[in-house]
Amino acid sequence: MELHGMKCEACLTGAPLVTHEDADKLNKLIPDWNIVEQEGMKRLERVFKFPDFAGALDFTNRVGKLAEENNHHPAILTEWGKVTVQWWTHKIGGLHMNDFIMAAKTDELF
Ligand SMILES: C[C@H](O)[C@H](O)[C@H]1CNC2=NC(N)=NC(=O)C2=N1
């Protein structure tokens, strides 16, 4: 099944981090996302472009709704014409399979 059709499971302390090898494979399925490191934790990041602020804000709200539905929450920076989304799993301090699923679902909203 494609990533965007998969279910995001509840975040549990002790859940496995995605290995380097799997992260590379999964990243190929969401090629517009970069793996960045912040505060010592790997995160998935993508910048989405819009023609104005209203479009950026509307997208932000749709990502927010997706996050609430899945109980998995991103960092979102909303600017004029631009939204930066980051997915990672706070509870395990890095990337879980959920983050790749949520990134694919975010792409579907764009
Ligand atoms: C209780 C609840 O499941 C947790 O606090 C969730 C909420 N959303 C979350 N979102 C993300 N991205 N990582 C988490 O570890 C996380 N934990």
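Good morning. I begin with helix α3, whose buried residues are covered by elements that include α1, β2, α2 (residues 53-70) and β4 (residues 82-87). Please keep in mind that the structure before you is a predicted model.

Which residues of α3 are buried? They are Asn98, Asp99, Phe100, Ile101, Met102, Ala103, Ala104, Lys105 and Thr106. The helix itself runs from residue 97 to residue 109, 13 residues in total. From its first C-alpha to its last, α3 reaches 19 Å, which is close to the 18 Å expected at 1.5 Å a residue.

Is Asn34 buried, partly exposed or exposed? Asn34 counts as partly exposed because its relative accessibility is 47%, and that class lies between the 20% and 50% limits. Leaving aside residues up to four places away in sequence, Asn34 touches Arg43, Leu44 and Glu45. Between the C-alpha atoms of Asn34 and Phe100 there are 11 Å, although the two residues stand 66 apart along the chain.

Finally, the largest pocket. It holds about 200 Å³ of space. Its lining consists of 13 residues, and those closest to the centre are Val18, His20, Ala23, Lys42 and Leu95. Two elements, α1 (residues 20-29) and β2 (residues 41-49), each give two or more residues to this lining. The largest share, three residues, comes from α1. Sorted by class, the lining has six nonpolar, five polar and two charged residues.

Conventions
Residues are numbered from 1 along each chain as its sequence is written. This is a predicted model: local features need pLDDT of at least 70, side-chain atom pairs count only at pLDDT 80 or more; totals for chains, interfaces and linings use all residues. Side-chain values use heavy atoms; hydrogens and water are left out. On a 1 Å grid over the protein atoms alone, a cavity is a set of points where a 1.4 Å probe fits but cannot get out, and a pocket is an open set with protein on both sides within 12 Å along at least five of seven lines; lining residues have an atom within 4 Å of a point. Grid points are joined across faces, edges and corners, and a volume is the space filled by probe spheres set on the points. Helices (H or I, at least four residues) and strands (E, at least two) are DSSP runs, numbered from the N terminus. Ala, Val, Leu, Ile, Met, Phe, Trp, Tyr, Cys and Pro count as nonpolar, Asp, Glu, Lys and Arg as charged, and the others, Gly among them, as polar. The expected span of a helix is 1.5 Å times one less than its number of residues. Buried means under 20% relative accessible area, exposed over 50%, partly exposed in between (1.4 Å probe, protein chains only). Contact means heavy atoms within 4.5 Å.
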